[in-house]
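This briefing looks at a ligand and at the protein around it.

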Amino acid sequence: MINKKFTRPVVIAVDGPAASGKGTVSNSLANHFDFARLDTGLIYRALGLKVLGDGTDASDKQKVILLANQLSFDDLNQENLRSEKVGAVASRVAAIPDVRAVLLKFQRDFAVHPPAEKSGVVLDGRDIGTIVCPNANFKIFLIADKDVRATRRFKELQERGLRAIYSQILRDIVDRDARDSLRSVAPLEPAKDAFVLDTSKLSVDATFVAVLRYISTQNKD
Ligand code: CDP
């Protein structure tokens with residue numbers, strides 16, 4: 001149980017670079033606490049897919065902003081959002097400040113009014129603890145070696161039956177990390193009050209245990 005001293009909805013922010021384990025931890029947290037979950041990367045991916053489908057140049061800011069304004073929650077349920085190709089376009093459009101401003105509202109609305117009136121939310125992404133929900137009750141920032149992350153992503157794509165080339169995945173992850181960390185607006189960085197956890201040598205279960213331990217220490221009266 002999360003202590004009543006926290007305002008409702010309780011917000012758990014999970015940030016970190018590509019394939020650091022955010023999705024798995026966020027799903028486990030949402031199930032454990034019966035909270036709603038928003039994978040904010042899917043919003044940027046859905047926009048990336050729209051840009052690709054439309055034949056728009058990802059550097060055509062005005063056109064990309066128009067497409068961002070047309071996004072709906074239904075767009076997050078598309079099957080082909082997870083490819084590295086879509087991820088690469090997502091990280092290009094995510095660097096456009098006006099695009100981020102449009103998508104910020106989408107994310108904050110979810111955090112304030114979670115579906116099914118859940119008592120809490122888990123949002124995962126790059127800037128949840130710093131920009132989207134700076135007052136989140138709990139902030140987790142996951143990191144892992146780039147080779148470990150590339151191996152995880154490689155296996156994940158293989159399990160989905162998608163074509164995967166390890167060296168290409170590693171290169172995509174390194175490029176995306178650089179773009180996400182160096183952009184001028186909402187760069188990938190831990191909030192000052194985040195719990196930073198290196199998952200390179202941790203199993204899925206051990207990661208979850210460490211995160212729950214952090215939450216329980218913050219949750220004390
Ligand atoms: O799953 P993975 O960690 O590879 O990526 P993702 O979370 O699906 O995010 C895809 C891209 O969207 C990232 O590389 C970021 O450029 C962007 N993104 C962002 O800028 N801010 C967020 N809150 C979430 C994603």
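This is a predicted model: local features need pLDDT of at least 70, side-chain atom pairs count only at pLDDT 80 or more; totals for chains, interfaces and linings use all residues.

Among the elements, α2 (40-54), α4 (84-93) and α8 (166-182) each give two or more residues to the shell around the ligand. The volume of this largest pocket comes to about 780 Å³.

**The shell around the ligand**

- There are 19 residues around the ligand, and those that come nearest are Arg45, Arg100, Arg153, Arg176 and Asp180.
- By element, α2 supplies the largest share of this shell, with four residues.
- By residue class, the shell around the ligand holds ten charged residues, together with five nonpolar and four polar ones.

**Polar contacts and burial**

- Arg45 places a polar side-chain atom 2.5 Å from an oxygen atom of the ligand.
- For Arg82, a polar side-chain atom is found 3.4 Å from an oxygen atom of the ligand, while in the case of Ala19 a polar backbone atom is 3.4 Å from a ligand oxygen atom.
- The ligand taken alone exposes 530 Å², and 97% of that area is buried by the protein.

**The lining of the pocket**

- The lining of the largest pocket consists of 37 residues, and Ala19, Lys22, Gly23, Arg82 and Arg153 are those that lie nearest its centre.
- Two or more lining residues come from each of the elements α1 (22-33), β2 (36-39), α2, α4, β3 (120-125), α7 (146-159), α8 and α9 (204-218).
- The largest share of the lining, five residues, is given by α1, whereas for the shell around the ligand the largest share comes from α2.
- Sorted by class, the lining of the largest pocket comprises 16 charged, 13 polar and eight nonpolar residues.

Notes: Residues are numbered from 1 along each chain as its sequence is written. Side-chain values use heavy atoms; hydrogens and water are left out. A residue is near a molecule or strand if one of its heavy atoms lies within 4 Å of it. A polar contact is a pair of N or O atoms within 3.5 Å; within protein, one must be able to donate a hydrogen and the other to accept it, and residues adjacent in sequence count only if both atoms are side-chain atoms. Accessible areas come from the Shrake-Rupley method with a 1.4 Å probe; for residues, only the protein chains shown count as cover. Ala, Val, Leu, Ile, Met, Phe, Trp, Tyr, Cys and Pro count as nonpolar, Asp, Glu, Lys and Arg as charged, and the others, Gly among them, as polar. On a 1 Å grid over the protein atoms alone, a cavity is a set of points where a 1.4 Å probe fits but cannot get out, and a pocket is an open set with protein on both sides within 12 Å along at least five of seven lines; lining residues have an atom within 4 Å of a point. Grid points are joined across faces, edges and corners, and a volume is the space filled by probe spheres set on the points.
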